[in-house]
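Here is a short report on one protein model. Keep the sequence and the 3D view at hand as you read.

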Amino acid sequence: MSCVDPAAARRAVQAVASIPSDDEGPVFREPWEAQAFALAVALHERGLFTWPQWADTIGDEIKRAQLAGDPDTGQTYYRHWLAALERIVMAKQVTDPITLARYRDAWDRAAERTPHGQPIELRQDDFESG
């Protein structure tokens, strides 16, 4: 996990008990999970939110998902993490729903054209309505 300061990652795991981890730190099933984790840690380190605020937000997202039928097997944890990240950046007015939707749609287009196993890269034409 070279994109996150190890000390910052340890602090995050200590502050938010629900983060999947082992003796070496956070555990990720896929690269995007590590990237979402790194983004949240970076935003926390910049003072956008406290870990208690984060824990409340992700807890709310997990509860919403469970009420909507998520079986809570742990396989969807970082989907909740991403939803919490989107929610907190909107609440802190870092972005707005229109911009988030624009990037989500662009990401979907980029993912659709990318061969399995290759990194997904956004291009300008991904932002054009499809």
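How many residues apart in helix 4 are Tyr-78 and Trp-81, and by about how many helical turns are they separated? They are three residues apart in helix 4, so about one helical turn separates them. Helices here (H or I, at least four residues) are DSSP runs, numbered from the N terminus.

## About the model

The model is predicted: local features need pLDDT of at least 70, side-chain atom pairs count only at pLDDT 80 or more, and totals for chains, interfaces and linings use all residues. Residues are numbered from 1 along each chain as its sequence is written, and side-chain values use heavy atoms, with hydrogens and water left out.

## Aromatic pairs

A pair of aromatic rings is described by the distance of the centres and the angle of the planes. Rings of Phe, Tyr and Trp (its six-membered ring) pair if their centres lie within 6.5 Å; planes under 30 degrees apart count as stacked, over 60 as edge-to-face and the rest as tilted. By this rule there are ten aromatic pairs. In one of them, the ring centres of Tyr-78 and Trp-81 are 5.5 Å apart and the planes stand at 55°, so the pair is tilted. Tyr-78 is buried at 3% relative accessibility. Trp-81 is buried too, at 0%. Buried means under 20% relative accessible area, exposed over 50%, and partly exposed in between (1.4 Å probe, protein chains only).

Now take Tyr-103 and Phe-127. Their ring centres are 4.8 Å apart and their planes are at 75°, so this pair is edge-to-face. Tyr-103 sits in helix 5 and Phe-127 in the segment after helix 5, so the pair ties together parts that are 24 residues apart in sequence. Tyr-103 is partly exposed at 42% relative accessibility, whereas Phe-127 is buried at 17%. Ring pairs also build a cluster from Phe-28, Phe-37, Phe-49, Trp-51, Trp-54, Tyr-77, Tyr-78 and Trp-81.

## The nonpolar core

A nonpolar core is a set of buried Ala, Val, Leu, Ile, Met, Phe, Trp, Tyr and Cys residues joined through side-chain atoms within 4.5 Å. The largest one has 26 residues. Ile-19, Phe-37, Phe-49, Trp-54, Tyr-77 and Trp-81 touch the most other members. Helix 1, helix 2, helix 3 and helix 4 each supply at least two residues of this core. Which helix gives the most? Helix 4 does, with seven residues.

## Salt bridges

Side chains of opposite charge can pair when their charged atoms come close. A salt bridge is a side-chain nitrogen of Lys or Arg within 4 Å of a carboxyl oxygen of Asp or Glu. The structure holds eight of them. One joins Arg-11 and Glu-45, whose closest N and O atoms are 3.2 Å apart. This pair links distant parts of the chain: Arg-11 is in helix 1 (residues 6-15) and Glu-45 is in helix 2, 34 residues apart. Arg-11 is partly exposed at 36% relative accessibility. Glu-45 is partly exposed at 43%.

Arg-64 and Glu-61 form another salt bridge, at 3.7 Å from N to O. They are three residues apart in helix 3 (residues 51-67), so about one helical turn separates them. Glu-61 is buried, with a relative accessible area of 10%. A network of salt bridges links Asp-60, Glu-61, Arg-64 and Arg-87. Elsewhere, Asp-125 and Arg-123 meet at 3.1 Å, N to O. Asp-125 is partly exposed at 37%, and Arg-123 is partly exposed at 42%.

## The largest pocket

Rolling a probe the size of a water molecule over the atoms shows where empty space is left. On a 1 Å grid over the protein atoms alone, a pocket is an open set of points where a 1.4 Å probe fits, with protein on both sides within 12 Å along at least five of seven lines; lining residues have an atom within 4 Å of a point. The largest pocket holds about 1,100 Å³ of space. Its volume is the space filled by probe spheres set on the points, with grid points joined across faces, edges and corners.

The lining has 25 residues, and Trp-32, Gln-35, Ala-36, Leu-82 and Trp-107 lie nearest the pocket's centre. Helix 2 (31-45), helix 4 (77-91) and helix 5 (97-113) each supply at least two lining residues. The lining divides into 16 nonpolar, four polar and five charged residues. Ala, Val, Leu, Ile, Met, Phe, Trp, Tyr, Cys and Pro count as nonpolar, Asp, Glu, Lys and Arg as charged, and the others, Gly among them, as polar.

## A loop residue

Gln-93 lies in the loop between helix 4 and helix 5. Gln-93 has a positive phi of about 60°, although it is not a glycine. Is Gln-93 buried or exposed? Gln-93 counts as exposed, at 71% relative accessibility.
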